[in-house]
Amino acid sequence: MTPRQRLALEQSEKRQKINDLLGLDELTDDQRNELDTLTKRMQQIEVESRAAIVAEGEDEQRMRSEFGDDRESAELRALVGRANAGAIFTAALEHRATDGAEAELQQHFRLGGNQIPLEMLRLETRAVTPAPTDTGASQQPILQPIFATGDAAFLGVDMPTVPVGDAVFPVLTSRPTVGGPHKDSTAVGETTGAFTAEVLEPHRLQASFYYRRTDAARFAGMDEGLRAALNSGLSEALDKEVIDQLVSDVSQTAATAENTFATYRSALVYDRLDGRFASMEGDVRVLAGASTVAHMAGKYRGNNADDSAIDSVRRISGGVRVSAHIAAVAGNKQDAIVRRGMRRDAVAPVWQGVTLIPDEITKAGTGEIVITAVLLAAFKTVRTGGFARIETQHA
């Protein structure tokens, strides 16, 4: 679901709730407060919806800038659509060169015969038909493992594809000092432009899996299954590394007492507004652990209120998401990552090409084949002000 669609859904839900409250003959104090909150949120959604429309246009332009609009770029997109990850897998396993669309694509990105271009893994995964357990049996789509993905995207972490070599991300760290207004010839001093540059070298993400040789002979959907597993598995690994890097780079705001309805709203939203990184509640997004969200669900505005802390924070902020990559509760405390704005404050560059390393020797005695997938990536928070690491306390 795109941000624009999410806002449209929220707008519809809020409008229905407002209509329900307005239809009551008499409102309680809590219901009046809720109506006031809903009205303010609807005003925020209008602003956020316009921003989302602009952002979607920028995303479209970014995709076109990656591939382009000319005939050559259109042919490249068509080539990516025709290429088959399973064919590259098979060629790597058989220690032979690829051919056809796969070879053309590898040549275009200057990859080896055992490397899958990242563009192929970004394709939408279609339903896969597995090998039947008995000849003529009804074949059903493969059920993939459950992966925890999407955290980096939720936090707006940029993941550009980079070529061979170190990836450099320069940041201008000083704002110009503006003088005036002057009506005379008063001199205005210059501001020294200060830059920092993050030079990131690739780190290796690696996973191995194996299967029986006899199954390979019967597997009708190996290419699609491989694409789905690689895409989701590597995405999960990237997400985890991004969260770990944020925890390493961003200083923690420690908890001093059990969080309440009010302190959750202040710590996660209102204390994060500074007029630069975040100017309104909708600029704030919260990535929290399951235990923190559960605790927030039990903290209410008042004894007779049905508005919990999680309801309130989710309503006023740009979103709350539960992450499987947030460290577990320790001593009744758990971190939450707060995103302030959606600028390029953190990066996770990915080097082109997922390398496949086949191994028919290690498990030859059991008739099994081992395949190792290697992805190169790096992770860094280039502006820590775009994030906050808030410790929550549950007891």
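Guide: An angle between two axes counts as roughly parallel under 35 degrees, roughly antiparallel over 145, roughly perpendicular from 65 to 115, and oblique otherwise. The axes are lines fitted to C-alpha atoms, for helices over the stretch in contact, and the angles run from 0 to 180 degrees between N-to-C directions.

Visitor: What should I know about the model and its numbering before using that?

Guide: This is a predicted model, in which local features need pLDDT of at least 70 and side-chain atom pairs count only at pLDDT 80 or more, while totals for chains, interfaces and linings use all residues. Residues are numbered from 1 along each chain as its sequence is written, and side-chain values use heavy atoms, with hydrogens and water left out.

Visitor: How many helices and strands does the protein have?

Guide: Both are DSSP runs numbered from the N terminus: helices are H or I with at least four residues, strands E with at least two. Here the secondary structure comes to 12 helices and 15 strands.

Visitor: At what angle do H10 and H12 pack?

Guide: Helix H10 covers residues 261–268, and helix H12 covers residues 309–316. They pack at about 30°, with their axes 9 Å apart. H10 and H12 are therefore roughly parallel to each other.

Visitor: Which residues make the contact?

Guide: Contact means heavy atoms within 4.5 Å. H10 supplies Phe261, Tyr264 and Arg265. H12 supplies Ala309, Ser312, Val313 and Ile316.

Visitor: At roughly what angle do H3 and H5 cross?

Guide: Helix H3 (residues 71–82) and helix H5 (residues 100–108) cross at roughly 130°, and their axes come within 9 Å. That angle makes H3 oblique to H5. Leu76, Leu79, Val80 and Arg82 touch from the H3 side. On the H5 side are Ala101, Glu102, Glu104, Leu105 and His108.

Visitor: What share of the protein is buried?

Guide: Buried means under 20% relative accessible area, exposed over 50%, and partly exposed in between (1.4 Å probe, protein chains only). Of the 395 residues of the protein, 40% count as buried.

Visitor: How many residues of helix H4 are buried?

Guide: In H4 (residues 85–93), 7 of the 9 residues are buried, so this helix is largely enclosed by the rest of the structure. The buried ones are Ala85, Gly86, Ile88, Phe89, Ala91, Ala92 and Leu93.

Visitor: How many residues are in the largest nonpolar core?

Guide: A nonpolar core is a set of buried Ala, Val, Leu, Ile, Met, Phe, Trp, Tyr and Cys residues joined through side-chain atoms within 4.5 Å. The largest one here has 45 residues. Those with the most contacts inside this core are Leu105, Ile116, Leu155, Val354, Leu356 and Leu375. Helix H9 (residues 222–249) gives the largest share, 6 residues. A second, separate core has 20 residues, among them Val269, Ala278, Val284 and Ile390.

Visitor: What is Leu375 in contact with, leaving aside its neighbours within four places in sequence?

Guide: The contacts of Leu375 beyond those neighbours include Leu118, His203, Arg204 and Leu205. They also include Leu234 and Leu238. Val350, Trp351, Gly353 and Val354 are on the list too.

Visitor: What share of the contacts join residues at least 24 apart in sequence?

Guide: Take contacts in the protein between residues at least 6 apart in sequence: 78% of them join residues at least 24 apart. For a local example, go to Gly341, in the loop between strand E9 (333–340) and strand E10 (346–347). Gly341 is buried, at 8% relative accessible area. Its C-alpha atom is separated by 8.7 Å from that of Arg276, 65 residues away along the chain. Setting aside neighbours within four places in sequence, Gly341 is in contact with Phe277 and Asp283.

Visitor: Which residues does a cis peptide bond join?

Guide: Gly180 and Pro181, with omega about 5°. Pro181 sits in the loop between strand E3 (167–172) and strand E4 (195–200).
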